[in-house]
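Dear colleague,

I am handing over the structure we spoke about, and below it you will find my notes on how its chains meet. Please read them with the coordinates open beside you.

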4 protein chains.
Amino acid sequence: MAEIGIVGLGRMGANIARRLMRAGHRCVVWDQDATAIAAVVADGALPAADLAAMVDTLAAPRAIWVMLPHGEPTEGAIAALGDLLSPGDAAIDGGNTQWKDDVRRAATLRAKGVDYLDIGTSGGVWGLERGYCLMIGGDAAPVARLAPIFDALAPGRGDIPATPRREGRAPNVEQGWLHCGGHGAGHLVKMVHNGVEYGMMQALAEGLDLLRAADSRALPADHRITVDLADVTEVWRRGSVVTSWLLDLTAAALAEDPALAKYAGTVGDSGEGRWTVQQAVETAVPTPVLTAALYARFASRDETRFAGKALSAMRAGFGGHIEPK
Amino acid sequence: MAEIGIVGLGRMGANIARRLMRAGHRCVVWDQDATAIAAVVADGALPAADLAAMVDTLAAPRAIWVMLPHGEPTEGAIAALGDLLSPGDAAIDGGNTQWKDDVRRAATLRAKGVDYLDIGTSGGVWGLERGYCLMIGGDAAPVARLAPIFDALAPGRGDIPATPRREGRAPNVEQGWLHCGGHGAGHLVKMVHNGVEYGMMQALAEGLDLLRAADSRALPADHRITVDLADVTEVWRRGSVVTSWLLDLTAAALAEDPALAKYAGTVGDSGEGRWTVQQAVETAVPTPVLTAALYARFASRDETRFAGKALSAMRAGFGGHIEPK
Amino acid sequence: MAEIGIVGLGRMGANIARRLMRAGHRCVVWDQDATAIAAVVADGALPAADLAAMVDTLAAPRAIWVMLPHGEPTEGAIAALGDLLSPGDAAIDGGNTQWKDDVRRAATLRAKGVDYLDIGTSGGVWGLERGYCLMIGGDAAPVARLAPIFDALAPGRGDIPATPRREGRAPNVEQGWLHCGGHGAGHLVKMVHNGVEYGMMQALAEGLDLLRAADSRALPADHRITVDLADVTEVWRRGSVVTSWLLDLTAAALAEDPALAKYAGTVGDSGEGRWTVQQAVETAVPTPVLTAALYARFASRDETRFAGKALSAMRAGFGGHIEPK
Amino acid sequence: MAEIGIVGLGRMGANIARRLMRAGHRCVVWDQDATAIAAVVADGALPAADLAAMVDTLAAPRAIWVMLPHGEPTEGAIAALGDLLSPGDAAIDGGNTQWKDDVRRAATLRAKGVDYLDIGTSGGVWGLERGYCLMIGGDAAPVARLAPIFDALAPGRGDIPATPRREGRAPNVEQGWLHCGGHGAGHLVKMVHNGVEYGMMQALAEGLDLLRAADSRALPADHRITVDLADVTEVWRRGSVVTSWLLDLTAAALAEDPALAKYAGTVGDSGEGRWTVQQAVETAVPTPVLTAALYARFASRDETRFAGKALSAMRAGFGGHIEPK
């Protein structure tokens, strides 16, 4: 059995610790919130007073998994570990970091002999039971050393049908973890994964919006059709081309409330959708769908409506159209 | 001097009558609103009690210009004229009609020996002074016969620099009127004109929105820049690549109020932007910009926000993200 | 056991017959291609010499499922059945018809006392084994009468986890068939399904394109990352947010050939993606992702590149940029 | 009369020197290409052997305008000038620099007491005769000092109608130059200008593409319309809403060759369209049109067609659609 330190015990970090402990691994944990530590300690983890104590507690070669919000919190923790860890140890960023930051950090840590892994971790609130899909970037040696950890976190084969013609390929991929490539590759693949996620979500949302509006009074009476979205999404789960986990979740939400009345309709975005578009721009790859999905979220939060005002001003200018408040 | 009947004396129809009369042409006019008739009669037009009276008043071969809202009003007037007019007369739809309707109507009228012209008319509230850009579809004979009318309505060469290498081409094009082709061609060209207009407007509006947001608090302090949009649009009018009439109008609106506070930000759309997209779909021509411009208007009026709610429901489902009201 | 006539024995029609016969139903079949008939007769179907013979063979109340290309072939078959069928019989269009055509046809057939059902049928080449997802529009009585047919065609519950809180809803939805609403509702739901399918496919395709280009020489050397797309798609099948049948298919294609070298990159589109956009335009629902997905297919087939030429001409005009052949 | 150094004598730099000399200003010039120097010297400029010699030749307080390709060439020149210039001098970047680089450079130069101006310069090959639209960022003092230079370069009022209600605003804006704000503001405004330019160009290009395809054989025979694009763009120049300089240029290109046959249809992009999208992403401003315009250029150059191949592979997977080479 392996041991690992876990820094950051939010929903993701705490459940990662729990899934590892269920598999028999030992977890030394820390969070800035003592309550968060206590909850995971209650499930069997060993608490650390701070990062230094965590490093002292773990036996070399150490592995410490940082699961913090991207940006300053993660940056600070990795920097601190760079000072505390010894050659042969490994620092892991399991959060949602811009992959270029990984490239930079890995070079810094390598100078100290410390390994660095960037791991894109998908699974959300379901990961504890369902397992986490792990996309790993970094050198081969620490990946090989930590394979038991990845085996425990990943979903495993389950009853998902095997893809034909994968003979000769690394079997761990079918377990749900992949060494994607060198430093940054893990977060790059996770970034694009989230970009695709945005696009798929928006595709579904637009389709539902179309069906909702199909009984619009703007249509001729004999062209108005009312459909039950909870039933539509449910039937699509059965043998249709759009079957997907996102559809499962949507069907469940609509079964609970077909009007989705508890949501305001304004949608946040994390960094990865944005970085995906920036990557597209840098590499000159047209990604109209991934970008439209991001912009739909931006537009959902646009309180200013300045672009619309500018359009109205032009319309008033040339056509006398009046679109006042 | 020519004479013409004008049906529909809204902003466009009334000013078309006035511009024709200024050029010495005789206008017989009708509108369902007696006040509208009186106003144009005060400027020299001859009133008609109804369409039949208008037809009686005009000498053959007659020309009657219908300038009504598209759809039922125009459809009804053209049908009525079909019954009233004689072989050799011409019915003109100067409004914003779907060009396929022109094709259908022209066939019906042709069976009665009546000519039909579809004329896309651009110029808005400025047309009386600035002239109207006329895009004409139909047979050559009635177009030739009505050239004096078109000469009077079009802006004329003015001080717009001539385009090189147009030797041998019809000089009326540089006056501002074009026989675009057969039935429907006039409204097709006008439809696409309006599609392009939507795209250009949205390009400008997005640029201004970007500049407005350039001092966003989400940016690092030394990357926040505040610009004066009235001045920016004014300077762009002078030697930049984006100089355009739409920019002129925008600069004027911003000079009056840089916040455009009197507009709500919800933007209407007439039929032509929609027909443009439908044409694109039917002919498999990718028009991402023209379509995005139309959808931005749709989105500006979206009260339901159902697509956003669906996204929030999915995010809650997989990630526990909470985006309630 | 029920009996049904099937008109059109292409890949879809033939397999629908086979799946029904496996469930013990009796199929009377016709196709313009005698070989196609023979193949299904070999599996147990009863051949008909023509539509009239099929009608004669079936006992009233009859049901005849038309599975032909949309447009003229389907239109002709439904019209012919309208003449042949008797009050109480049902004509079914299981193909990909524009739902407005269903509204029209249903009114015509109703005048003769003949029922009409429009059924969106998803399942493709996998339907024989996996079952077909059925989206049905029409009156309740023929739907109820044909429930055994739909039960046999639909996938059934299988091992797909039940959606919570569906108590009290029609259980057949979880079997994979849904009475969506009145005439046209089935094909409307299928149309939007296909629109969503286009969007999801494009989201995946763009993500893969981004990963492919991540080792672009345009990037700084330390920012080039090479990933194995076959492995990436495989790992995403395991616990990630984008797990979906489309991802399964993509992973299989990439396992066979990561370069997808046998495809040219030009992509066709059937009517439903287009109708989806037209529905969006008619109901003023912004669908940027569904539309971008359609336009990407249009662009993939654009041999003319005229829009690009126009851009180059403008660039040459203002900047002297030279982009010749 | 003022004097100025000009570094970089490409099309833009050389013409800027010429326009300044025509107004009576003295220009000391340098370029890495001696031929380029000789051409401008023939028009009256004073050559410099290198940057150091240029600095020696100019009297304090000096102003040196760098007009080089963005990235390394400009970066190097500004850095060199930082070493050579004295407190009170000004370094000007008149090229197309990312505005964040201006913020950084200005801070570096300020530490040495050297002023820095970032000037977005629009006008292209027509600037010599038409004048340059100048968008200036930096401190007020050097802007005031260099006003005579800007007056000479800008187009001046010409016969462009004045915008109402600009009383009390800086008159130089109507001359065609604007002090947009602090460091970076000039290039920010120019960046967005170019973003808008991309959008307007694409709007026009799509409209023309639609008209070109309006006689598509995919349409019913009576719905095919052939129009002359040279005439259409010419008539739009006269009183229509889309009148613009880009339209003028397009009409000229089409008058020369309606098929635009000398262009391949693949379109380049400079940095500013990309930076515009990145700015949009950073400030969460939805810019679907500006982004679609950029992506259309990317797509025009996509040799790989990998996204299309991925779509074809999925279609083959679920539907047996065959789209081979």
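Chain C and chain B bury about 1,500 Å² between them, and 71% of that area lies on carbon and sulfur atoms. Please keep in mind throughout that this is a predicted model. Of the area that chain C buries against chain B, 39% is supplied by C:Val281, C:Pro286 and C:Tyr295, which is more than any other three residues give. In terms of contacts, 19 residues of chain C meet 19 residues of chain B.

As for the polar side of this interface, the rule finds zero salt bridges between chain C and chain B, while six residue pairs, both members at pLDDT 80 or more, are in polar contact. On the side of chain C that touches chain B, the elements that give two or more residues are helix H13 (271–283) and helix H14 (288–300) of chain C. By class, that side of chain C is made up of 13 nonpolar, three polar and three charged residues.

The contact involves 92 residues of chain C and 92 residues of chain A.

Across the interface of chain C and chain A the rule finds eight salt bridges, and one of them joins C:Arg169 to A:Asp228, with the closest N and O atoms 3.1 Å apart. There are also 30 residue pairs in polar contact across the interface of chain C and chain A, counted where both residues have pLDDT 80 or more. Helix H10 (residues 185–212) of chain C gives the most to the side that touches chain A, namely 18 residues, and by class this side of chain C has 49 nonpolar, 23 polar and 20 charged residues.

Finally, a word on symmetry. Chain C is superposed on chain A by a rotation of 180 degrees with 0.0 Å of shift along its axis, at an RMSD of 0.0 Å, and that is the relation of a two-fold axis. Within chain C, the C-alpha nearest the axis belongs to C:Ser244 and lies 1.9 Å from it. The same surface serves both copies, since 100% of the contact residues of chain C recur in chain A.

With best wishes

Note on methods
Residues are numbered from 1 along each chain as its sequence is written. Chains are lettered from A and ligands numbered from 1 in the order in which they are written. This is a predicted model: local features need pLDDT of at least 70, side-chain atom pairs count only at pLDDT 80 or more; totals for chains, interfaces and linings use all residues. Side-chain values use heavy atoms; hydrogens and water are left out. Copies are superposed by least squares on the C-alpha atoms of residues with pLDDT of at least 70 in both. Contact means heavy atoms within 4.5 Å. Buried area is the accessible area (1.4 Å probe) that two parts lose on being put together, summed over both. A salt bridge is a side-chain nitrogen of Lys or Arg within 4 Å of a carboxyl oxygen of Asp or Glu. A polar contact is a pair of N or O atoms within 3.5 Å; within protein, one must be able to donate a hydrogen and the other to accept it, and residues adjacent in sequence count only if both atoms are side-chain atoms. Helices (H or I, at least four residues) and strands (E, at least two) are DSSP runs, numbered from the N terminus. Ala, Val, Leu, Ile, Met, Phe, Trp, Tyr, Cys and Pro count as nonpolar, Asp, Glu, Lys and Arg as charged, and the others, Gly among them, as polar.
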